[in-house]
Amino acid sequence: MPPSISAFQAAYIGIEVLIALVSVPGNVLVIWAVKVNQALRDATFCFIVSLAVADVAVGALVIPLAILINIGPQTYFHTCLMVACPVLILTQSSILALLAIAVDRYLRVKIPLRYKMVVTPRRAAVAIAGCWILSFVVGLTPMFGWNNLSAVERAWAANGSMGEPVIKCEFEKVISMEYMVYFNFFVWVLPPLLLMVLIYLEVFYLIRKQLNKKVSASSGDPQKYYGKELKIAKSLALILFLFALSWLPLHILNCITLFCPSCHKPSILTYIAIFLTHGNSAMNPIVYAFRIQKFRVTFLKIWNDNFRCQPAPPIGEDLPEERPDD
């Protein structure tokens, strides 16, 4: 570490630490809530746990690594590459978890009677495992050779140096912009986001159609069933919107870097885009708390039971009905 840190770096580090201090406890609370509340054990909430695990890792791993990169240590090329790859893995995991959630909500309103036969716990677990495996493959692709090693080696050799290049560790110095734009963004980020938008539009259409026709598609009151589905779908669509809002600016900046190398990018815009991507990991628990009553009640129970020493009544007892228009 250099002997001194600039005021700008200190401010950057402070904001990153604040994001981590909100993200890690908040997402741990989400995982804890699903563990203690049986009502949060269906497939959707299992995918939400997968998303929360990725967000915990952002706060506990990616943000410290981002701070390290900002300080600018001198490292071997492949060491820096390993530092840069975790954020790619976790971003992809979040996108695939959001896609799985969208598909799950679609199935709940498209085939409500057969949903539990189609979406079994085993299949949900396989889907989660598949999402993480695919995320590691996509995120570690730069480690398999799609990186900037050739360019760095040429510059290293031009200086008369031998062995593996030692560089100032920076994301863009080791990660190829062709990989970030053509492979990461155009294949693994943008198409899934567009697909999720189409899925949620179809979900809202099906729910509104059922509410208007008042056709019973479950053992209970269709207004109650589809009203609850509408509320949850709105909440999860908001999670998707916040994810897109947080991540698209950085990908747009990457496109500018690749397609217009001479264009000037104010560093403050890059930092804002980075803060948005990291801050997204802290947003989801807040949305759950305000938008999904099962989470809100469970969060309060965990708080009362473990931090205020005021045990709350068992979850599920005297629980008010969720209002579809909340």
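A: The link of Cys 80 and Cys 169 is right-handed, with 90 degrees about the S-S bond. This is a predicted model: local features need pLDDT of at least 70, side-chain atom pairs count only at pLDDT 80 or more, and totals for chains, interfaces and linings use all residues. Side-chain values use heavy atoms, without hydrogens or water, and residues are numbered from 1 along each chain as its sequence is written.

Q: Where do Cys 80 and Cys 169 sit?
A: Cys 80 is in helix H3, and Cys 169 is in the loop between strand S2 (166-168) and helix H7 (171-174), 89 residues apart. Helices (H or I, at least four residues) and strands (E, at least two) are DSSP runs, numbered from the N terminus.

Q: How many disulfides are there in the whole structure?
A: A search finds two. A disulfide here is a pair of cysteine sulfur atoms within 2.5 Å. The other joins Cys 260 to Cys 263, S to S 1.6 Å.

Q: Is Cys 80 buried or exposed?
A: Buried, at 0% relative accessible area. Buried means under 20%, exposed over 50%, partly exposed in between (1.4 Å probe, protein chains only). Cys 169 is buried too, at 2%. Cys 263 is partly exposed at 36%.

Q: Switching to H3. Where does it bend?
A: H3 bends by about 25 degrees at Ala 84, and Pro 86 follows within four residues. The bend is the angle between axes fitted to the seven residues ending there and the seven starting there.

Q: And how many H3 residues are buried?
A: 27 of its 34.
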